[in-house]
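I opened my notebook to record what I looked up here. The entries follow the order of my reading.

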There are 2 protein chains.
Amino acid sequence: MTKPSQELLRSISDEHVLRTLMAARKLTRAELAIETGLSKPTVSESVRRLVEQGLVADTGERTPGGRGKGRVGSFYSLAEDVGVALVMTIAPDGVTAECVDAYGDVAGRTHHPIDSPADVASALPSVAAEAVAAHNVRLGTVSAADPVDRRTGRLVHLPDSPFLVGELDPVELLSPLLHGPVVVDNDVNWAAQAEHAVLGVADFAYLHLGEGLGCALVSDGEVRRGHSGLAGEIAHVITAGPSGTAMPFIEVFGELGLRRPGSTAIDVPRLRAADPDVTARAVGGVITALVTLADPEVVVIGGTWGPALLDAISAECTRLPRQVDVVAASVEQPSLTGARAAALDLLRTALVSRAGHRPR
Amino acid sequence: MTKPSQELLRSISDEHVLRTLMAARKLTRAELAIETGLSKPTVSESVRRLVEQGLVADTGERTPGGRGKGRVGSFYSLAEDVGVALVMTIAPDGVTAECVDAYGDVAGRTHHPIDSPADVASALPSVAAEAVAAHNVRLGTVSAADPVDRRTGRLVHLPDSPFLVGELDPVELLSPLLHGPVVVDNDVNWAAQAEHAVLGVADFAYLHLGEGLGCALVSDGEVRRGHSGLAGEIAHVITAGPSGTAMPFIEVFGELGLRRPGSTAIDVPRLRAADPDVTARAVGGVITALVTLADPEVVVIGGTWGPALLDAISAECTRLPRQVDVVAASVEQPSLTGARAAALDLLRTALVSRAGHRPR
DNA sequence: CCGTTGTAGGCAAGACCCCTAACTAGAATC
DNA sequence: GATTCTAGTTAGGGGTCTTGCCTACAACGG
């Protein structure tokens, strides 16, 4: 239980001021007072403290830049060197890195194509280093196209599941490059978070249908990852196969000859040419399980081939015992967007919490 | 965002004192100071305010009951009339009601057996009235053996699902009897909450196998109910039937002739006599779906016949693609226990929040 | 050029809230 | 009756937020 103390009040004020500044980029103390609802003396004191801690700085800019009469005001904003967050995505076709600052601005984007999953381990640190150069990186988020162990952040191989990127420990590889925590999650989970921000729906399922098959469950406004982080790994859900017999979802594609030889990945071009109704029937079985167990308000379909089959899937869903809306995903580069949003959030929280501690 | 203010500090103090008093039943101001970590004057002021608001009262009891030397201290505790919470369970065999006070003590327990689901509507208010007599009831929780709509609190009938209690609106029936909110939830969800308190596991699934079939999902330490409150209604999950063909879970029992004629309920005595392995195989299919989608750390088996089949179910689970621990439920009267714990929590929170407002 | 107007920011006083330290109250013990 | 020990109160100090008033300063209008 929180203990009452003067310091608690002060830290709330500082947090309030800091967050307002993050949202508005630059403000005078008078504007901050109006925006936060605090009194002018309180804001002035708070700003003084934040400047002293090196979190906030006078921009040098002054008000009367066409603003009219009155005394000149001093604009304050976050200090230049408060730090940024690193955002990375790891996919079979390459590694991407970028930095995001506390305003949400992106800098230093780099992409590095790779030929084989084995290249990821070497590409990851080098791409990161490139994006990180000349930035004070405080923490990072990583999106990976494979299941992620919730506690360790390592990519894990589930039996018979697609394993696109391969064995990897992003935390170990990236920690030396930055001064804070590294959060790793599955690309579908990040995508769901990005979609959540747009949809504004508290309970939904995100079905990723691409080379790999994945699903994220958002319950009460948060992605639920389960005990080890493997919630939504739907490859083994029992569904209806081509001839109507029951089989695991992933095996439907094997049965149809739509898996890439020597790999667990789905052959997307070949699938696009195949009968959409058979595929939609299998997807319908998965959606039945989803709806039954998780009761989403809507099922969002993403991935490289999922949205193209939306009509067939919707039609299939009207035949299911329980109805649910099915819509196509709407966010571009959803994994990157979701990971970036989370990084921004973590960065802001980290800065705010740093404001609590007094330097001496 | 919380605004800083002196009043915020004060309310934190009051809440601290009040919660400490709820946990310890009666304390002197000196003991409260030690327990809360606040100073003696602060505690004295807080107690003075709480007494003034009628939340706390001097018990009249004095310390030197063998406690040794020193000045006598005055014991304070919650006021007699702060109110209680009503806890009700609605099951096919009857309606139970009891009152729980802010210490967690139970008073006024009543049970009323019923013959048919149609009797619930009349029994509910009368049983409640009996338990409520002479108590100041501030709010209530209700456990019902059917799916509950999350927004309205009404019992709903899913096609082909067991519908044991029948059409009912507990909120409408009970609201006139008390002065606060009524929270209705499915009995399995309450049971999972009770089990959660004992297990201390943040991610698990609770499988209820009785006359009805149900499931609750606990993710990140909370029961997740889904958009309309129908998460975990597993009757339609596709699983393996007696001859190995795929079919909805509930239909397996129809196929085996284990459903009570003229009803959707399962005939438990007959089931106990049937081959456990066939049943366990069907349960295994449900667990596969659960594990795949929700990734629980453990699956808890409850209900009238579930725990008896634990060995067969465990054996079946070792053959599944992903391993998971299966254990029997350990809480007695789990739905009542869970609903009671929630009622206690709500009651305490309601009292604490009442402490915030100044009377005048 | 000079007074008016309007905004940014500072200063002072006051209201609270919490804390420490010292003090009073009152019962048991010697 | 003095001592000891504990409960609770009082006094004073430090901190935070607020209101209200003041100064600084630039634009504007006559």
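Around the DNA strands

I began with DNA strand D: of the 32 residues around it, A:Ser13, A:Arg71, B:Gly70, B:Arg71 and B:Gly73 come nearest. I counted a residue as near a strand if its C-beta atom, placed from the backbone, lies within 6 Å of it. This is a predicted model, where local features need pLDDT of at least 70, side-chain atom pairs count only at pLDDT 80 or more, and totals for chains, interfaces and linings use all residues. Residues are numbered from 1 along each chain as its sequence is written, while chains are lettered from A and ligands numbered from 1 in the order in which they are written.

I then looked up the helices (DSSP runs of H or I, at least four residues, numbered from the N terminus). Helix H1 (6-24) and H3 of chain A, with helix H2 (29-36) and H3 of chain B, each supply at least two residues near DNA strand D. H1(A) gives the most, five residues.

I turned to DNA strand C. It is surrounded by 28 residues, and the closest are A:Gly70, A:Gly73, B:Ser13, B:Ser39 and B:Arg71. Here helix H2 (29-36) and helix H3 (40-52) of chain A, with helix H1 (6-24) and helix H3 (40-52) of chain B, each supply at least two residues. Which helix gives the most to the surface near DNA strand C? H1(B) does, with five residues.

Contacts of one leucine

I finished with B:Leu290. Leaving aside neighbours within four places in sequence, B:Leu290 is in contact (C-beta atoms, placed from the backbone, within 7 Å) with A:Leu293, B:Ala205, B:Cys215, B:Pro296 and B:Val299.

How values were computed:
Two residues are in contact if their C-beta atoms, placed from the backbone, lie within 7 Å.
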